[in-house]
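Please look over the model below before reading on.

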Amino acid sequence: MKQPRKRRQIEREFGVPVAGEILDPTKWTQTALKRLPEAGPIDLAALFGRVAPLVVDLGCGNGRYLIGSAVWRPTMDHLGVDVKPVVIRYATRRGNQRGLANVRFAVVGAERVVRELLPAASAAEIHCYHPQPYYDPAEVHRRLITPAFLALVHRALIPGGLFFIQTDNPGYWRYIREIVPCFFAFHERIGRWPDAPRGRTRREIMALKRGLPLFRGSGPARTDLSPDQARAIAEALPPPVFDADRRLRWLDVEEGAEG
Ligand SMILES: C[S@@+](CC[C@H](N)C(=O)[O-])C[C@H]1O[C@@H](n2cnc3c(N)ncnc32)[C@H](O)[C@@H]1O
């Protein structure tokens, strides 16, 4: 007699499928990176058990983008980080349930990752989707995208490695467009990401559903800059003191991104 075919377990978020399939628990993996080195860089080859191009997502939220990339690009390794334990719990559960061996998630600040945990010239791609704009002037110092941060992203990328950034905040985008090209051969993307036209990340899906404009771009690290030169350039650039426009705060509240 024919065995009934098992239904594929596809997960959806706001109606948009999350890549991959939830496997039988016997096939689950452990994607939480719980122990970080006390000082110095991560041993990436030991972590993944192989040497492969590395994709990093800084402020990865619930991991949607990296999960998709890890499913679709099995020859690449992936590291997602976020300061919020709750979102990393979602991300690791997704990674585990899909039996992924090429992704790890850690609770840690993006600044520490690029400054210390990633060896120089170690990442093939670094992504940053919807860094928080921080509307309150007292919180402006928490903004992630600063010239010094970009110099460190540049240092962590292999020569020609790619930086991706996206926001729905027009003030943040004006600032990004001004300083990112100092470190990367940056091109604005008009239109959606071809691999995920309904949104690469949870926040992108939410913004698209609300009809908000989205600003995106990417580009390779400038190969004519040494890390010292990048640092010197950073020192001469303005800090991110743009007006984030408090009227746009509602989407952060709705997303639960604040705090
Ligand atoms: C607006 S959410 C976007 C999440 C996800 N990238 C997306 O597009 O759906 C911003 C995320 O950045 C995280 N975050 C804020 N500051 C951070 C930092 N310094 N390092 C790492 N993550 C940070 C927050 O916890 C939050 O999950």
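Where does Asp-245 lie? Asp-245 is placed in the loop between α8 and α9 (249–255). Helices (H or I, at least four residues) and strands (E, at least two) are DSSP runs, numbered from the N terminus.

The model is predicted: local features need pLDDT of at least 70, side-chain atom pairs count only at pLDDT 80 or more, and totals for chains, interfaces and linings use all residues. Residues are numbered from 1 along each chain as its sequence is written.

**Positive phi angles**

Asp-245 is not a glycine, yet its phi is positive, about 65°. Burial is judged by counting C-beta atoms, placed from the backbone: a residue is buried if 20 or more others lie within 10 Å of its own, exposed if 12 or fewer, and partly exposed in between. Asp-245 has 13 other C-beta atoms within 10 Å, so it is partly exposed.

Tyr-134 is another residue other than glycine with a positive phi, near 50°. Tyr-134 sits in the loop between β6 (123–129) and α5. Because 20 other C-beta atoms lie within 10 Å, Tyr-134 is buried. Gly-99 also has a positive phi, near 65°, and follows α3.

**Helix α3**

Helix α3 covers residues 85–97.

Which residues of α3 are buried? They are Val-87, Ile-88, Ala-91, Thr-92, Arg-94, Gly-95, Asn-96 and Gln-97. An α-helix has 3.6 residues a turn, so residues three or four places apart point the same way. The cover over the buried residues of α3 includes α2 (64–72), β4 (77–82) and β5 (103–107). Contact here means that the C-beta atoms of two residues, placed from the backbone, lie within 7 Å.

**Helix α5 and its partners**

Helix α5 is largely enclosed by the rest of the structure, because nine of its ten residues are buried. The buried residues are Pro-147, Phe-149, Leu-150, Ala-151, Leu-152, Val-153, His-154, Arg-155 and Ala-156. They pack against α4, β6, β7 (157–167), α6 (170–179) and α8.

Axes are lines fitted to C-alpha atoms, for helices over the stretch in contact, and angles run from 0 to 180 degrees between N-to-C directions.

| Helix pair | Axis approach | Crossing angle |
|---|---|---|
| α5 (residues 147–156) and α8 (residues 227–236) | within 8 Å | roughly 165° |
| α4 (residues 110–117) and α5 | within 9 Å | roughly 45° |

Angles under 35 degrees count as roughly parallel, over 145 as roughly antiparallel, 65 to 115 as roughly perpendicular and the rest as oblique. The axes of α5 and α8 cross at roughly 165°. That makes α5 roughly antiparallel to α8. Their crossing is right-handed. A crossing is right-handed if the near helix is turned clockwise from the far one by less than a right angle, and left-handed if anticlockwise. On the α5 side, Pro-147, Ala-148, Leu-150, Ala-151, His-154 and Arg-155 make the contact. On the α8 side, the residues are Pro-227, Ala-230, Arg-231, Ile-233 and Ala-234. By class, this contact of α5 with α8 has eight nonpolar, one polar and two charged residues. Ala, Val, Leu, Ile, Met, Phe, Trp, Tyr, Cys and Pro count as nonpolar, Asp, Glu, Lys and Arg as charged, and the others, Gly among them, as polar.

The axes of α4 and α5 cross at roughly 45°. The two helices are therefore oblique to each other. The crossing of α4 and α5 is left-handed. Glu-111, Val-114 and Arg-115 of α4 meet Phe-149, Leu-152, Val-153 and Ala-156 of α5. The contact of α4 with α5 has five nonpolar, no polar and two charged residues.

**Loop residues**

Ile-145 is in the loop between β6 and α5. Ile-145 counts as buried because it has 20 C-beta neighbours inside 10 Å. Leaving aside residues up to four places away in sequence, Ile-145 touches Pro-131, Leu-150, Ile-176 and Pro-240.

Ala-101 is in the loop between α3 and β5. Ala-101 and Thr-31 are 70 residues apart in sequence, and their C-alpha atoms are 7.3 Å apart in space.

Definitions and conventions:
The expected span of a helix is 1.5 Å times one less than its number of residues.
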